[in-house]
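Please read it alongside the coordinates.

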Number of protein chains: 2
Amino acid sequence: MENGRTVYLLSGPAGVGKSTTSTELVNRLTHSAYLSGDDISHMHRNGREKPWESEREHDLIWHNILHLTRNFVRYGSDVVIDYIIFPKDAEWLSNQLRDFAVTIKYVVLWADKDTLVKRDALRIEEERMGERCLILFDEFLQSGLNHKHLLHTSLLTPHDIQHVVREIETDNRFKHI
Amino acid sequence: MENGRTVYLLSGPAGVGKSTTSTELVNRLTHSAYLSGDDISHMHRNGREKPWESEREHDLIWHNILHLTRNFVRYGSDVVIDYIIFPKDAEWLSNQLRDFAVTIKYVVLWADKDTLVKRDALRIEEERMGERCLILFDEFLQSGLNHKHLLHTSLLTPHDIQHVVREIETDNRFKHI
């Protein structure tokens with residue numbers, strides 16, 4: 001069945017502007033849901049492990065994201081998922097949604113290392129990633145990512161964000177196949 | 001199959017201390033997840049209707065809560081759901097979880113009208129419920145609620161909260177059957 005809905009996977013290393021871009025995108029869509037992977041991850045309180053160290057925790061989070069996505073699509077919404085999503089995660093989710101025949105767009109926002117480090121330093125202390133920021137950058141480079149999913153950003157002004165969001169909406173190169 | 005996990009449904013009219021009590025409870029449990037019905041409801045951004053006016057929106061939220069609960073229980077967590085939950089919602093969720101054989105505790109925190117109105121006035125403006133606060137109070141009274149689920153609170157000091165949370169954990173009268 002053709003559903004006509006789009007699921008946007010907005011990924012990239014920390015500090016690249018995922019939240020800002022996701023919020024802007026979700027506001028532009030007529031029927032939309034916003035899923036923050038971080039928020040969903042932190043629903044787990046006691047007994048939680050770091051998802052990048054525990055496969056079990058990683059799987060729990062992705063099952064939660066999957067079921068929420070399925071429900072929202074079933075109720076007629078586009079879905080914007082804001083999380084650190086590696087190619088293998090995008091692949092898994094895409095397979096799990098195959099029976100829905102939704103369009104999946106996988107976008108990895110990108111900036112150079114210096115920019116990421118500077119933005120990280122601007123965060124409040126509890127939210128700073130520190131070294132993990134650079135580790136993530138390298139992990140993306142080594143993840144076998146198809147470069148068509150990369151979107152370089154600087155997001156210096158609100159105008160830049162509008163431009164980036166329009167590109168995500170209209171450019172079919174981001175489609176996950 | 002006996003799972004051994006408990007799903008806590010923490011309900012009550014606005015201003016009765018659901019969030020405070022839920023947070024305290026979830027922190028006491030060894031393996032726990034915290035689901036805020038309000039947060040889950042607001043994942044829906046554009047196209048969202050008020051869940052108390054739209055059956056469709058209400059159903060979407062409850063399906064999202066259900067699937068998250070099932071996942072967390074499957075991964076070995078207790079679950080605390082903080083939301084305005086009427087007896088028919090508790091009944092529905094309980095039926096949907098029947099194959100899991102979890103224990104379900106349904107607790108409706110309660111305070112007198114004056115207390116609720118006073119607490120509502122203390123909130124920041126965006127979060128104030130105003131008249132709906134009293135409408136909810138009456139709706140609970142008319143909902144056919146079995147009074148064994150009621151728990152009167154005043155929550156004036158941290159000590160009171162500890163006491164309330166211990167009662168929720170240990171008193172079997174709250175079990176939903």
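## Burial and conventions

Buried means under 20% relative accessible area, exposed means over 50%, and partly exposed lies in between, with a 1.4 Å probe and protein chains only. By that criterion B:Arg70 is buried, having a relative accessible area of 17%.

This is a predicted model, in which local features need pLDDT of at least 70 and side-chain atom pairs count only at pLDDT 80 or more, while totals for chains, interfaces and linings use all residues. Residues are numbered from 1 along each chain as its sequence is written, chains are lettered from A and ligands numbered from 1 in the order in which they are written, and side-chain values use heavy atoms, with hydrogens and water left out.

## Confidence

For chain A the mean pLDDT (the predictor's confidence in each residue, from 0 to 100) is 92, and 97% of the residues of this chain reach 70 or more. The model scores are ipTM 0.93 and pTM 0.93.

B:Arg70 belongs to helix H3 of chain B, where helices (H or I, at least four residues) and strands (E, at least two) are DSSP runs numbered from the N terminus. Leaving aside residues up to four places away in sequence, B:Arg70 touches B:Gln96, B:Leu97, B:Asp99 and B:Phe100, contact meaning heavy atoms within 4.5 Å.

In chain A, A:Asp89 lies in helix H4 (residues 87-96) and is buried, with a relative accessible area of 4%. With residues up to four places away in sequence again not counted, A:Asp89 touches A:His58, A:Trp62 and A:Ile84.

The axes of H3(A) and H3(B), each spanning residues 55-74, come within 9 Å and cross at roughly 160°; axes are lines fitted to C-alpha atoms, for helices over the stretch in contact, and angles run from 0 to 180 degrees between N-to-C directions. H3(A) and H3(B) are therefore roughly antiparallel to each other, a term that applies to angles over 145 degrees. Residues making the contact include A:Leu60, A:His63 and A:Phe72 of H3(A), and B:Leu60, B:His63 and B:Phe72 of H3(B).

## Helix H6 of chain B

Within H6(B) (residues 131-141), the residues B:Arg132, B:Cys133, B:Leu136, B:Phe137 and B:Phe140 are buried. They lie on the same side of H6(B) because they cover an arc of only 150° around the axis, the arc being that of the directions from the helix axis to the C-beta atoms. On the other side of H6(B), B:Glu131 and B:Leu141 are exposed. The cover over the buried residues includes strand S1 (6-11), strand S4 (103-110) and helix H5 (113-122) of chain B.

Notes:
Angles under 35 degrees count as roughly parallel, over 145 as roughly antiparallel, 65 to 115 as roughly perpendicular and the rest as oblique.
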